[in-house]
Protein chains: 2
Amino acid sequence: MIMLTAIPTVRFARGRMRIIDQTLLPSRYEIAELGDLDSVCDAIARLRVRGAPAIGVAGAYGLLVAIEEQWGRALPVFDSAIGDDGAPRTATVTPPAGIGYAELKSTLDRAAEKIVATRPTAVNLAWAVNRMRPCWQGPRDVGAVCHALLAEADAILREDLDMGRAMTTHGAALLGRDDRVLTHCNTGGLCSGGIGTALGVVFAAASQGKHIQVFADETRPLLQGARLTAWECRERGIPVTVLVDGASASLLASGDVSCVMVGADRIARNGDTANKVGTLGLAISARQFGVPFYVVAPSSTIDASLRDGSAIPVEHRAHHEVTHVAGVAHAPADVGAYNPAFDVTPASFISAIVTERGVQRPPYDLGGGA
Amino acid sequence: MIMLTAIPTVRFARGRMRIIDQTLLPSRYEIAELGDLDSVCDAIARLRVRGAPAIGVAGAYGLLVAIEEQWGRALPVFDSAIGDDGAPRTATVTPPAGIGYAELKSTLDRAAEKIVATRPTAVNLAWAVNRMRPCWQGPRDVGAVCHALLAEADAILREDLDMGRAMTTHGAALLGRDDRVLTHCNTGGLCSGGIGTALGVVFAAASQGKHIQVFADETRPLLQGARLTAWECRERGIPVTVLVDGASASLLASGDVSCVMVGADRIARNGDTANKVGTLGLAISARQFGVPFYVVAPSSTIDASLRDGSAIPVEHRAHHEVTHVAGVAHAPADVGAYNPAFDVTPASFISAIVTERGVQRPPYDLGGGA
């Protein structure tokens, strides 16, 4: 039996944010310690930490890092109440001495703006940072602000872990004893606080004794499927088969796939879903061949301000992600590239949306989201 | 104005087959000379020469190489009548002295069997080799067999070049002055004797003064789009933008694509088409967004023995093509891979099939093919 344990994708300890450096996997498992705001923003932008829920948590802890960078060099200001395995531990807050509220506020305002700007599509990042704002916009006392910041950031991680367990339990009920699940990008523990979304559902089903097999789209350009999903499946003892993204239609046509499960970076009220580029084609092919297509995401992914997906901003990333692999060019020099990081799948292609609240079927009305 | 010139993808000169080594492009343009049958079969299997029409030509010349290997070491037996640019030159045949018909036949029978076994999906390979058989199964005179072999192999290349011109001219009539064409894999001069199929249509349209832009799917696992299509477009001065295969659905949804044009490796009588893996998903998405989807291939690609696509054998290739790029692993060691080289697109998704005979629209009845 597989245990549904959390992995330490994003944590905070003794004044530093700690992340599993996802750019090094699967060849190296390494915890990176981030002690200044630039490193945090760079880690989010370069996908050292990635996945909509995980970058929400990283954004919240990033505000703490901004304070540590300024005033925590000698003595760390914060130590989190959540351990690597997700279990409770003793938190400490040592507010910096000799500074005023105005300085603190100014540092936090600037940090919040900078963090939110790192990636535009995932709504969780802005959601988490905005959720932190009352911590320094309410009380005007440095000590109170610091206590509030750590409590709220830890709450975001704790809720992520709790929602991960709830969401994956709801999702696991959709899977049969011997189902074969096709997934895209990485939606396991590495995309979140440590449990995951779509791939977390597979782990939850496995922890119930089901024999689930995973087909992992490699997910070009950054190969999160081949690198991260395959690594997580092997770490947890789940059989996994990797395929190039172009092979998913023929796999779906073959009848060998029970369902498709993917995560989400932003969901509009009507259910239109932005997710890693390649999801749209997968959804269209799944419907063509009668394979159920499920989206699994925490309700913080729902952007209640959007009626539909047409207004979701899509991040376009650097050409070299397409023209190079691992730093080596395979295309001619200076060739142009079309490199959207996400696409938007219309709700009509989505069989169900699973959140920590349960399984929702169309027609979707997700107005009560985040 | 762009000229529709042939490139020397596969040629035969002074006892050796000459190919543009496609595994080295785009970083190096190099002509490889193949003087023995093992090298020819290895070049086809490893895709140093690739593309259904091109491996047909390579299969035909490969039979000549088998003779050279045995008896042409001192003095080459064959010199082809077709130059690098496709223009006529003087052919010579110097039949080997002192050997009997039985020896010659036995060498050719074995070579034919070995060549056909290198790749199972592209029908052109078997078609070309079978077309050569009467050369040694009719006359029983060594000199007559040798003359017939060179004449027939040259005829296959000559017809490929002529069909390339005819097919791409028919196809170019489907393109407007400023069309933007999405294509998959490589279907330019490198896939054929030197003119091409689907991408050749773009070159033909450009040679008529049209301003065509190309979107090239990178085409994992072997990146023929990013490497070869991008290289050919740049060599010929055609604007080209590369994208990962997973991004094609969002590109089609954006309305920026006028039509999709792809080649084919085998076409059944009803129009079902085997082509590079990824084609099926592209066709399904194209129909979803109302974008015309065209197949361009010589009639030798039609397998008149097949009523539909269900019996087309699909080659499955090595796992490392998926788990590695340029020799470097990105997936965990020993992870499983699903790696079909081709998929089969039902005729119902194909707006037209263009051959050297013209443009055919559904319902297809291609019984009069090869």
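Okay, let's start where the two chains meet: the contact takes 45 residues from chain B and 45 residues from chain A, with contact meaning heavy atoms within 4.5 Å. Before I go on, this is a predicted model, so local features need pLDDT of at least 70, side-chain atom pairs count only at pLDDT 80 or more, and totals for chains, interfaces and linings use all residues. On bookkeeping, residues are numbered from 1 along each chain as its sequence is written, chains are lettered from A and ligands numbered from 1 in the order in which they are written, and side-chain values use heavy atoms, with hydrogens and water left out.

So how much area is buried between chain B and chain A? About 3500 Å², and carbon and sulfur atoms give 70% of that. Buried area here is the accessible area, taken with a 1.4 Å probe, that two parts lose on being put together, summed over both.

Now, how are the copies arranged? Chain B superposes on chain A by a rotation of 180° with 0.0 Å of shift along its axis, at an RMSD of 0.0 Å. The two copies are thus related as by a two-fold rotation axis.

On to the polar side of things. Between chain B and chain A there are 14 residue pairs in polar contact, both residues at pLDDT 80 or more. A polar contact is a pair of N or O atoms within 3.5 Å; within protein, one must be able to donate a hydrogen and the other to accept it, and residues adjacent in sequence count only if both atoms are side-chain atoms.

Which elements of chain B build its side of the contact? Helix H7 (224-235), strand E8 (240-243), helix H8 (248-253), helix H9 (279-288) and strand E16 (336-338) each supply at least two residues. H9(B) gives the largest share, six residues. Helices here are DSSP runs (H or I) of at least four residues and strands (E) of at least two, numbered from the N terminus. By class, that side of chain B has 28 nonpolar, nine polar and eight charged residues. In that count, Ala, Val, Leu, Ile, Met, Phe, Trp, Tyr, Cys and Pro are nonpolar, Asp, Glu, Lys and Arg are charged, and the others, Gly among them, are polar.

There's strand pairing across the contact too. Strand E16 (residues 336-338) of chain A runs parallel to E8(B), joined by three bridges; strands pair if DSSP finds at least two bridges between them. Within E8(B), B:Leu243 is the bridge partner of A:Tyr338.

Next, salt bridges: a side-chain nitrogen of Lys or Arg within 4 Å of a carboxyl oxygen of Asp or Glu. In one of them, A:Glu218 meets B:Arg220 at 2.6 Å, N to O. A:Arg220 also forms one with B:Glu218, the closest N and O atoms being 2.6 Å apart. A:Arg220 lies in the loop between strand E7 (213-217) and helix H7 (224-235) of chain A, and B:Glu218 in the loop between E7 (213-217) and H7 of chain B, so the pair joins two chains.

Another cis bond joins A:Pro362 and A:Pro363, with omega about 0°; A:Pro363 is in the segment after strand E19 (358-360) of chain A.

Terms used
Least-squares fit on C-alpha atoms with pLDDT ≥ 70 in both.
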